[in-house]
Amino acid sequence: RRRRVPGASECREQRARSSSMGAGGTACALAAAAAAALLLDRLRRQQLGGGGADHRVRKVVILAAGLGTRMRKAAEGVGISDEQAKVAATGVKALIPVQHGDINRPFLDYILNAVADAGFTKVCLVIGPDHTALREYYSQAGFAKRISISFAIQEKPLGTADAVAAAELFCGRDRFIVLNSDNYYPVPALRALHRGIPKDAGLAVFTREGMVRKSNVSADRIPKFAVVKVNAMGCLERILEKPSPEVIASLPEPVGVSMNCWLFEANIFEACAAIEPSPRGELEITDAVQYCIDHGTNFHVKTFNDGVLDMSSREDISSVVARLGKVK
C-alpha cells in the first residue's frame, strides 16, 4: 500500500502539538522529502522511457503491409469458409477471421493479445496505403484496453527493412521488437524479449522439434525458413536463409529457426538506410541485421522449444484456426 504523506497544514499542527517531543516536525519533513524524491524518480524514469534499472521493452512494431501474394492464390480443398476466402483474396492476412465459439475475430487480434499478455503496452502497425479496412478496424474507440495502437504507412512494398524504417518516428530512440502479422508467437518468447535482455539487441528462435510439434509447420517446410548461426557468446553470427540439408547438418543442435521475432535498438534504422536491395530486389531486414552485427551490435539469441503458427497461404488457415481454438 502507498503511505499517506501529511500535508503542510498537518505538519504545522503536528509541530505545535509536539513541541515537547520535537519529533513531529522532523517526521513530516522527512515524509515530504521522501515523497518529493519518489515523484522525481518516477518522472525521471518516464523521461528515460523506463530507464534506470528497468530495462523492459514496451514498444512493438508489427509488419502488416505485405501484398499477401501467396494468400491471394486460390486453392481447392483447403477447408476454409466463404468469409475466410473473401478476406484471403485481399491478401490482408492479419484480417483472416478465426472463429472462437460464436465469434469471428481477425487473426491479428490473437497476436495483439499475446503481445499484451507478454507485458508490452505500445503497438505500431505498419500498413500499406490501401489497407483501409485494417486501419478502420483497429482505430475503433475503446478497441484495445491494455495497449495503445498507432499506424505507420509503408508507401511502397520495398521489403521488410523498408517496412521497419517506416516505424522510426514511433520508435524514436527506444528499443522495440518487430513481429510479422502472419505469425502467432508464444507468449514466453515475447516475454523474454520484453524483459529478459538487459541491453543490446536480440532474437527469439525456435527449435525444429518445437516447430514441428507445436506449430502448423511440417518438417519438410523448415528449410523454407531461416536458421541461425550463433557464436560462443550466445550471440547471432549470421542468418542462413532457406538452408540446404548440408547447412542444417553442419549446425550444432538444437538448430534454431528464425521466425522474425526481433528485438532492435535504434541503430537498426541506420542499417536499413545503408543496405542495398537483395538479389530479388527488396530491402531485407536480415541484411540490415547483418550490417548491425558487422558494425559491432550484439544480438542475444533466446532459444525456445516451442512453435510459431504460420499464416502464409490459404493452406495454412484451417490448421492455424484449429490450434488457436485453445487460445482465449
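This is a predicted model: local features need pLDDT of at least 70, side-chain atom pairs count only at pLDDT 80 or more; totals for chains, interfaces and linings use all residues.
**Exercise 1.** Determine how the rings of F176 and F269 are arranged, and which parts of the chain they tie together.

*Solution.* A search of the whole structure finds seven aromatic pairs. F176 and F269 form one of them, with centres 5.5 Å apart and planes at 15 degrees. Planes under 30 degrees apart count as stacked, so the F176–F269 pair is stacked. Next, F176 lies in strand β6 (residues 176-180), whereas F269 lies in helix α12 (residues 268-274). The pair therefore ties together parts that are 93 residues apart in sequence. Finally, F176 counts as buried at 0% relative accessibility, and F269 is buried with a relative accessible area of 7%.

**Exercise 2.** Classify the pair formed by F264 and F299, and locate both residues.

*Solution.* F264 belongs to strand β11 (residues 256-264) and F299 to strand β12 (residues 299-304), 35 residues apart. Both residues are buried. Ring pairs also link F176, W262, F264, F269 and F299 into a cluster.

**Exercise 3.** State which residues gather in the patch of positive charge, and decide whether K224 is buried or exposed.

*Solution.* The patch on the surface consists of R70, K73, K224 and K242. K224 is found in the loop between α10 (208-214) and β9 (226-230). Its relative accessibility is 58%; since exposed means over 50%, K224 counts as exposed.

Terms used
Residues are numbered from 1 along each chain as its sequence is written. Side-chain values use heavy atoms; hydrogens and water are left out. Patches are made of residues with over 30% relative accessible area and no salt bridge: like charges are joined within 9 Å, nonpolar side chains (Val, Leu, Ile, Met, Phe, Trp, Tyr) within 5 Å. Accessible areas come from the Shrake-Rupley method with a 1.4 Å probe; for residues, only the protein chains shown count as cover. A salt bridge is a side-chain nitrogen of Lys or Arg within 4 Å of a carboxyl oxygen of Asp or Glu. Lys and Arg count as positive and Asp and Glu as negative; His and the chain ends are not counted. The place of a charge is taken as NZ of Lys, CZ of Arg, CG of Asp or CD of Glu. Helices (H or I, at least four residues) and strands (E, at least two) are DSSP runs, numbered from the N terminus. Buried means under 20% relative accessible area, exposed over 50%, partly exposed in between (1.4 Å probe, protein chains only). Rings of Phe, Tyr and Trp (its six-membered ring) pair if their centres lie within 6.5 Å; planes under 30 degrees apart count as stacked, over 60 as edge-to-face and the rest as tilted.
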